[in-house]
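Dear colleague,

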Amino acid sequence: MAKSGDSELIDVPQATGEAEAWGIELREWMELRTHVFGNADAFGDFISEDSAEEEWRGRVAQVLIENGHAPKANRYIECCRYGVRIQCKGPDAHQLFSPVYCDLRYCPWCGPRQFARLIEKHSPAIKAVTRERKPGYLLREITFTSLNTGELGSAQIKRFNDDVKNTLKKLLRRYGEWGALWCDEVGFNNTNLHAHVLVYAPYIEQSVLANAWRTISGHSVVYIKKAHVNGPKALVHLLKYVSKLPADVPEIIGQLEVAFHKCRRVHALGVFYDFSGDDTDNIESEWTNCPHCGAELERLPGTCRLEKLIMEGRTFVGTRRVKWKRELVH
Amino acid sequence: MSDEPGPKRQGYKVWRNPTQPGEPVKYMGEFFPPAGQCHILGCDLKQLGFGPGEYTVLAPPGRPYAGLFSKWRKVVIPN
């Protein structure tokens with residue numbers, strides 16, 4: 001068994017081999033590792049208080065494993081329950097820790113974090129167009145829908161997003177300074193893929209919109225209305241489903257995570273793309289130096305239950321974001 | 001009564017936890033609780049000849065330990 005317990009670096013073939021030799025599932029291998037390397041008895045009770053969440057996460061992880069996403073499965077199992085030890089290199093050797101986050105789209109903890117980051121990223125553009133509105137331009141909401149085939153895959157989602165982009169460009173490219181921001185969604189516990197778009201543009205006739213959508217995508221249902229709230233509230237309304245789970249069945253959550261692998265959920269076009277803000281979460285929530293003395297920080301190998309890290313007297317130092325994770329604002 | 005064997009019972013899988021950093025987890029095998037007893041406990045492992053230490057036990061499907069769904073249990077055999 002990998003000794004470090006590092007959530008980002010598991011040797012999948014080795015793990016699979018060990019799991020087979022021991023007669024357990026790969027998901028159970030991951031659970032075993034988190035129990036052995038992260039077991040905490042902080043509250044004087046052997047029974048883990050988050051066993052219901054462990055079961056939920058295990059069932060999602062099982063679907064991810066079956067679809068070839070074992071490292072993601074491991075991150076999902078450890079998310080927000082485990083952390084890494086951070087050591088200060090200064091003379092006082094301050095002891096710190098940072099929680100592990102999976103940053104997956106359909107994680108009950110990371111979804112709201114992604115929502116906050118998306119609001120931060122796209123608010124500046126929305127505020128700008130609200131403050132200096134061009135004559136005839138308004139914030140409007142468009143909903144593009146697709147035929148529910150009962151299945152959902154990456155290719156289908158990518159094509160749907162291309163169709164939304166091409167429809168918007170076809171309708172709006174003759175105008176200057178238009179912007180669109182959309183979020184892919186699915187119906188609760190089903191595969192009904194649709195997109196809510198917040199568009200800043202002149203008036204679009206419903207019939208023109210429907211014709212363009214039908215011609216480009218082959219789907220027929222689309223509707224437009226004036227945004228019922230203005231400015232940043234419209235953005236919150238658009239993105240709210242990023243922070244909510246679209247299913248209460250873990251296997252469906254796993255299938256959605258597989259379907260959206262390498263697919264963005266949130267897209268920006270026009271001025272909303274050009275003027276999106278920085279993701280300040282990358283800059284401000286990561287400590288690169290010790291908050292106590294300013295010395296350099298070093299990550300120690302392995303992950304451990306958060307309760308145990310707290311019991312060790314360690315101080316929380318916020319998210320640790322490796323380079324590839326910084327791109328994950330979707 | 002049929003002579004056919006019933007469904008194969010699955011036992012409790014036991015791993016010995018490392019005592020020092022860097023030491024691997026050791027798979028000890030699959031064990032069954034004594035007749036009439038629900039779960040494997042520390043005293044059962046001791047009776048099986050396990051030495052003092054900390055063990056992680058995986059309950060078979062359908063026989064979780066107390067708690068909502070807990071199938072994992074840490075078992076300690078004291079010195």
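In strand β6 of chain A, Val222(A) is the bridge partner of Phe144(A); please bear in mind throughout that this is a predicted model. The pair belongs to the contact between β3(A), residues 138-145, and β6(A), two strands that run antiparallel and are joined by five bridges. Both strands are part of an open sheet of five, ordered β6-β3-β5-β4-β7 in chain A, in which the pairing is antiparallel. Because β6 (222-226) and β7 (266-270) of chain A stand at the edges and have a single partner strand each, one side of each is left without a neighbour in the sheet. From one strand to the next, the twist in this sheet averages 20°.

Two helices lie across this sheet. Helix α8(A), residues 232-239, lies across β3, β4, β5 and β7 of chain A, and runs at about 165° to β5(A). Helix α5(A) lies across β4 (179-186), β5 (193-201) and β7 of chain A, with an angle of about 140° to β4(A).

The chain is divided into domain 1 (12-103 + 286-327) and domain 2 (110-274). The C-alpha centres of these two domains of chain A lie 34 Å apart, and twelve residues of domain 1 are in contact with ten residues of domain 2.

One residue elsewhere in chain A that I noted is Glu54(A), whose place is in helix α3(A), residues 51-66. Glu54(A) counts as buried because it has 21 C-beta neighbours inside 10 Å, where 20 or more are required. Glu54(A) and Arg81(A) are 27 residues apart in sequence, while their C-alpha atoms are 9.5 Å apart in space.

Turning to chain B, you will find an open sheet of four strands in the order β2-β1-β3-β4, with antiparallel pairing. Here β2 (26-31) and β4 (72-77) of chain B stand at the edges, each with a single partner strand, so one side of each is left without a neighbour in the sheet. Neighbouring strands of this sheet are turned against each other by 25° on average, direction ignored.

Strand β1(B) pairs with β2(B) in the antiparallel sense over five bridges, and the bridge partner of Tyr12(B) in β2(B) is Phe31(B). Four bridges join β1(B), residues 12-16, to β3(B), residues 53-58, and these strands likewise run antiparallel. Within that pairing, Val14(B) stands opposite Val57(B), and Trp15(B) has Thr56(B) as its bridge partner. Strand β3(B) in turn pairs with β4(B) over six bridges in the antiparallel sense, where Leu58(B) stands opposite Trp72(B).

Strand β1(B) is mostly covered, with five of its five residues buried. In a regular strand the side chains alternate between the two faces of the sheet. In β1(B), Tyr12(B), Val14(B) and Arg16(B) point one way, Lys13(B) and Trp15(B) point the other way, and all are buried.

With best regards

Key: Residues numbered from 1 in each chain as written. Chains lettered and ligands numbered in written order. Predicted model: local features only at pLDDT ≥ 70, side-chain atom pairs only at ≥ 80, totals over all residues. Pairing = 2+ DSSP bridges. Axes fitted to C-alpha atoms, helices over the stretch in contact; angles between N-to-C directions. Contact = placed C-beta atoms within 7 Å. Domains from an automatic or database assignment. Buried ≥ 20, exposed ≤ 12 C-beta atoms within 10 Å, placed from the backbone.
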